[in-house]
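I set down here, in order, what I looked up in this structure.

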Amino acid sequence: MSNSGLFSIARSALLAQQQTLQTISQNIANAQTPGYSRQEAVLSATPPVRFSYGSVGTGVEVATIIRKRDVLLDDTYRNANGGASQSELHRDLLGQMEAIFGEPSETGLSNAMGQLFSAFSDLATTPSSGAAKAVVQQTGRQVAQMLNQDDTQITQQRTSSLARLTNTVAEINSTAQQIADLNQQIVTAESDGNTANDLRDARDVKVDALSKLAGVRVLNQPDGSTTVLLGNSTLVDGNTARPLSLQLVPPVPAPAVTPSDVPVKITLGTSQDALYPLGGELKALTDYVNTDIPAMRSRLDALASQLASGVNAQHSQGFTFTGITIPGTAAGNFFDAGTVTNPVRAGSIKLDATIDADASKVASSRDPNAPTDGANATALSNLRSLTTSMSFVPVVGSPPETGSFDSFFRDSMTKLGISVKTESDNATIGRTLTDQADQRRLSVSGVNTDEELSHMMQVQQAYQAASKLIKVADEMLQTLLQII
């Protein structure tokens with residue numbers, strides 16, 4: 001082989017090792033960069049020169065710089081991340097609802113109802129006491145106000161959740177459009193056969209963000225683009241992103257009683273069908289708005305309605321007295337009875353106007369000729385433990401839940417607590433699986449500085465050997481020149 005051939009081989013080796021060292025330097029520099037994928041310079045022998053006695057190599061070159069990434073590990077991570085994010089947000093939302101009631105507590109609704117029935121019991125022992133009747137009036141007002149307050153806070157949570165859901169939809173749309181733009185840039189950049197590693201990293205970061213927001217799936221295309229699926233529909237295809245929309249779904253035909261909570265749906269593109277299935281934070285928020293809040297509100301509404309009707313039914317059997325006038329006057333309702341189009345609900349329950357204005361209208365007696373009779377107050381007090389006071393059907397077709405007012409409310413709080421615990425456990429398991437999946441993919445795509453430094457030493461030695469080869473080739477050339 002000629003000296004020029006030696007120089008050419010040595011030069012190719014120097015250039016190849018220099019480019020490899022540059023790739024290693026890039027890895028070390030981005031060891032802590034979020035979303036960066038380790039790169040590797042792939043070396044290959046250059047085409048040999050053929051002679052009569054055989055083929056002689058011509059050196060080395062960097063064939064390509066690949067991005068170390070495992071698609072299957074990415075998919076595993078994104079699936080786990082979507083599930084964990086959904087459970088974590090659902091846990092937090094249910095925890096906020098649980099905090100509204102703060103049960104068990106001496107200042108909660110359960111204690112307030114207990115005080116009301118205790119006040120009726122105290123009135124039964126002193127039926128003519130104006131002070132005892134005032135206590136009944138005040139505790140009844142307190143129960144109504146606490147139900148009003150709980151309903152208001154649930155409405156505030158719905159409002160804030162709808163606002164967050166709106167922001168989440170906007171964030172998903174923005175991220176999807178960014179992925180579509182990156183798809184176009186990648187296809188353009190790779191049209192000459194190179195790999196746009198940095199652009200692919202940027203796209204993967206966006207897809208990871210989408211997996212948290214909406215639990216997406218990804219299909220890689222031959223041209224370098226990715227198709228992003230949300231549920232069973234295409235969110236991103238090539239350089240096109242289809243926007244999500246949030247829509248209210250009022251009941252048709254409109255019911256006589258306006259519902260407290262109008263459900264929402266997520267649609268994609270021009271379709272009016274609800275997107276299904278959802279995932280990630282998008283599902284947690286949608287489920288909370290469409291299922292959890294209406295379910296809890298319906299329980300509170302049922303409690304308010306049946307508490308009012310039950311107490312009213314008993315209270316109206318009594319009599320009230322003005323001074324020493326006999327017989328007494330038939331009592332009316334204790335709570336406002338509402339109307340057909342505006343029935344008693346947690347947000348509207350209140351004392352009857354007559355009771356609210358005058359505590360003496362509380363009926364303790366069931367005998368129109370006996371002002372000191374406390375039978376009606378006793379019967380009102382006994383509603384506390386009456387197991388047939390409440391009947392609630394949580395889901396159409398399911399058996400009703402029955403019990404006393406207090407037991408029904410405590411059972412409702414227990415169910416809410418169990419839901420919070422379940423989502424908390426799911427979130428813990430989901431985040432553990434996500435972290436494990438992330439560690440597995442980082443073992444492939446992450447930068448290990450110790451490995452990079454070890455590889456750098458190997459490249460350095462190869463570079464030094466190539467330098468010596470140039471020196472040897474130069475000495476051979478000088479010897480040849482001296483002979484000539």
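How many helices and strands does the protein chain have? I found ten helices and 14 strands. I note that the model is a predicted one.

Overall form. I looked up the radius of gyration of the protein chain, which is 38 Å, whereas the globule rule gives 23 Å for 484 residues. The former is well over the latter, so the chain is more spread out than a compact globule. Along the principal axes, I recorded a box of roughly 145 × 45 × 35 Å filled by the C-alpha atoms.

Surface and charge. I noted an accessible surface of about 24,100 Å², with 54% of it belonging to carbon and sulfur atoms. I then compared the mean positions of the 35 positive and 47 negative charges and found them 2 Å apart.

Burial and contacts. I recorded 41% of the 484 residues as buried. Taking contacts between residues at least 6 apart in sequence, I found that 69% join residues at least 24 apart.

The core. Which residues have the most contacts inside the largest nonpolar core? That core has 79 residues, and I listed F101, L235, L244, F334 and F335 as those with the most contacts inside it.

Helix α8. I turned to residues 375–382, where N376, A377, A379, L380 and S381 are buried. I found that their cover includes α3 (109–125) and α6 (280–315).

Terms used
Residues are numbered from 1 along each chain as its sequence is written. This is a predicted model: local features need pLDDT of at least 70, side-chain atom pairs count only at pLDDT 80 or more; totals for chains, interfaces and linings use all residues. Side-chain values use heavy atoms; hydrogens and water are left out. Helices (H or I, at least four residues) and strands (E, at least two) are DSSP runs, numbered from the N terminus. The radius of gyration is taken over C-alpha atoms; the globule rule is 2.2 Å times the number of residues to the power 0.38. Buried means under 20% relative accessible area, exposed over 50%, partly exposed in between (1.4 Å probe, protein chains only). Contact means heavy atoms within 4.5 Å. Accessible areas come from the Shrake-Rupley method with a 1.4 Å probe; for residues, only the protein chains shown count as cover. Lys and Arg count as positive and Asp and Glu as negative; His and the chain ends are not counted. The place of a charge is taken as NZ of Lys, CZ of Arg, CG of Asp or CD of Glu. A nonpolar core is a set of buried Ala, Val, Leu, Ile, Met, Phe, Trp, Tyr and Cys residues joined through side-chain atoms within 4.5 Å.
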